[in-house]
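Here are my notes on this one, as numbered points you can follow with the model open beside you.

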Amino acid sequence: MKSRLQHLIPSVKGMIFVYLLLCVLTVLFTRAFFWETLYAGAVPDRLSLVVFFAIPVALLVFMCFAGAGLVRDAIAQRPGTKFRLRLLAYFVVTVIFSAAPLTIVTGISISELVRFWHSFDAKEARDAARLFAVESFSFHIERFEGIVLRTDWNALLPRPEAREENAIALPDGIASAQDFVFEDGAWRGLAFFGDEGARLALPPAQLPGITIREMPRDAGFIRYVLMADPARIRLVSYALDPRFDSGMAAIELQATRFDIVGVLRDNLRILEFFYYFVFFVPPLLMTIIMAISFAGRVTAPIAELTQATRRVAAGDFSVQIVSNRQDDLGILARSFNAMVQDIETSRAALIKAEKVSIWQNMAQQLAHEIKNPLTPIKLSAERVLRRHRNDPDRVSEIVEDSMMAIIQETEGLTTLLNEFRAFSRPIEPSVSAIRLGEALPEIVASYQASYPDVSFDVEHASNDIAVKIGKNYFSRILANIMLNAIHAMDESGSIEIRTDLVKKKGAQFCRLSVKDSGRGIPEEEAEKVFTPYFTTKEAGTGLGLPIIERIINDHGGSIWFDSAQGIGTVFFIDLPADMEEAAG
């Protein structure tokens, strides 16, 4: 039966679902992870950490449950556990050997790539590009300012009051010229000359000189403000190379990325751990869990077959392995069932032959037992007959002794025949039930009075248990066992009677144990205890225990014993319990 821990382990289908979920989450969050790492140089945020680490942690918990169940089975030495451990070891070793080269190569590759990036002197190139850009910008500013200050703008441009925009030839490098006037509390344009791309709706500044550039307003241009008077502004725009601003942005972007590479190098070990724990550990854990599950599925039929084999070895031929598998293990289970059925058939035939042999032996033994007393009977009768023929007057001297010998031997024969008849007579199982609380005290009381030197302990015998057997049968069983115990103790010692409820083959049984403090049964005699006509008593018939064994077996029970010389013997009797009678 599976343990509670094993019920917490996902099935193979569940593991496949978890794996697909991992793939989906990986696709959804991997891009964000690499964007934050490579472009921002930052360790993933909490949400990414929770999402990425949730599945590895869950799989780790499942693996702990699976491992705990496997360890518990190993400690309990359950069948098939060693085979499961061996299969699991093969799986794990195979996975490690397969993944180890990839893991090592990946780690070395990442380190070497970062080291290769740093082998370039990108910092010097970045600084030189920045310096060149700054010098180029300064050159354009000086040139622009010189053009503005040398040009007579009043002579070049029409009067602003005319508000006419004529196509005029502006100085080289000048993109546009624009006039603004401040009226009614707001600036408005008067006239515009040059490239429309340089036009502004409002003046960028109200102080003369070069203005501060703002993006994207001044992209590609440098602005210069000329003050005619406080209410009039002339704005001159200088055209830069169209690639100037984009080039500057590219230089700054690459400089930032190079700094990110430096950050990555400092956090490389953390990122490697994150990478392996998120992308490598889950497949490894799933492989181990699936290996445990697969090993369990493979070894479960083997363990079941092992247990069934043990039950067959113990004499239970009702074992049948239920298997719907169509593979080799299913064929093995069906072959085992067929073999057990064949063994049961052969066993039944063997038992039948043994019974015939037993009855033959019993007949021979009975004939021998009958023949022994016939000899003294015949001799006594012949003695009386001789005296009657030779000396009739003195016949009375031997008649009494001879007749008493004949009567004694005849009574022995009668007892022997009665026991044999009881043994050979079919036993009708009882349909009634008795409560032990009523039957035990009555049976024990009669022996307490007859054997005062024997103490009877029935404190551990429950009064609430009922067994499916007639009172006469039960009395005969208990009386025979107690008499044997009293004989083994030489009529002095202690007898302890216990009762327990046990479950066998899905049914409740009452287990009655009778323990004595006698001399025990020698090992060479233990196998013959239930053999007919075997006895160690001078006046015994050797049929007592075989008869009660038949009574118990015919009522669906069993009897066995455990004995140690010098310590005592315990007889165990299992009889079907009547739970309804006990409850009533």
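1. Let's begin with Glu-196, which counts as partly exposed at 48% relative accessibility; the label covers anything between buried (under 20% relative accessible area) and exposed (over 50%), with a 1.4 Å probe and protein chains only. Its salt-bridge partner is Arg-199, and the closest N and O atoms are 3.0 Å apart. Arg-199 is partly exposed too, with a relative accessible area of 34%. A salt bridge here is a side-chain nitrogen of Lys or Arg within 4 Å of a carboxyl oxygen of Asp or Glu. By this rule the count comes to 15 salt bridges.

2. A word on ground rules: this is a predicted model, where local features need pLDDT of at least 70 and side-chain atom pairs count only at pLDDT 80 or more, while totals for chains, interfaces and linings use all residues. Residues are numbered from 1 along each chain as its sequence is written, and side-chain values use heavy atoms, with hydrogens and water left out.

3. Which residues does the salt-bridge network join? Start from Arg-217 and Glu-214, whose side chains meet in a salt bridge at 3.6 Å, N to O. Arg-217 is partly exposed, with a relative accessible area of 30%, and Glu-214 is partly exposed at 45%. Now look at Arg-519, which forms a salt bridge with Asp-490, the closest N and O atoms being 3.4 Å apart. Arg-519 sits in the loop between E10 and helix H13 (523-526), and Asp-490 in the loop between helix H12 (471-488) and E9, so this pair ties together parts that are 29 residues apart in sequence. Arg-519 is partly exposed at 40%, whereas Asp-490 is exposed, at 58%. As for the network, salt bridges that share partners join Glu-214, Arg-217, Asp-218 and Arg-223.

4. Stepping back to the whole chain: the secondary structure comes to 15 helices and 12 strands. These are DSSP runs numbered from the N terminus, with helices (H or I) of at least four residues and strands (E) of at least two. Of the 584 residues, 35% count as buried. The chain exposes about 35,200 Å², and carbon and sulfur atoms supply 59% of that; accessible areas come from the Shrake-Rupley method with a 1.4 Å probe, and for residues only the protein chains shown count as cover. Among contacts with a separation of 6 or more, residues 24 or more positions apart account for 66%, where contact means heavy atoms within 4.5 Å.

5. Next, an open sheet of five strands, ordered E2-E1-E5-E4-E3 with antiparallel pairing. Two strands pair if DSSP finds at least two bridges between them. Strand E2 (186-194) and strand E3 (209-210) stand at the edges with a single partner strand each, so one side of each has no neighbour in the sheet. Eight bridges join strand E1 (residues 174-183) to E2, and one place to look is Ser-176, whose bridge partner in E2 is Gly-194.

6. Another open sheet of five strands has mixed pairing and runs E7-E9-E10-E12-E11. Its edges are strand E7 (454-457) and strand E11 (558-564), each with a single partner strand, so one side of each is left without a neighbour in the sheet. The twist averages 20° from one strand to the next. E7 and strand E9 (residues 493-504) run parallel, joined by four bridges; Phe-456 stands opposite Ile-495 in E9. Helix H11 (residues 436-450) packs on this sheet, touching E7, E9 and strand E10 (507-516), and its direction makes about 160° with that of E9. Such angles are taken between N-to-C directions, from 0 to 180 degrees, using lines fitted to C-alpha atoms, for helices over the stretch in contact.

7. Is Val-514 buried or exposed? This residue of strand E10 is buried, with a relative accessible area of 2%. Not counting residues up to four places away in sequence, Val-514 touches Leu-478, Ile-481, Ile-495, Glu-496, Ile-497, Thr-569, Val-570 and Phe-571. Val-514 and Met-482 are 32 residues apart in sequence and 7.7 Å apart in space, C-alpha to C-alpha.
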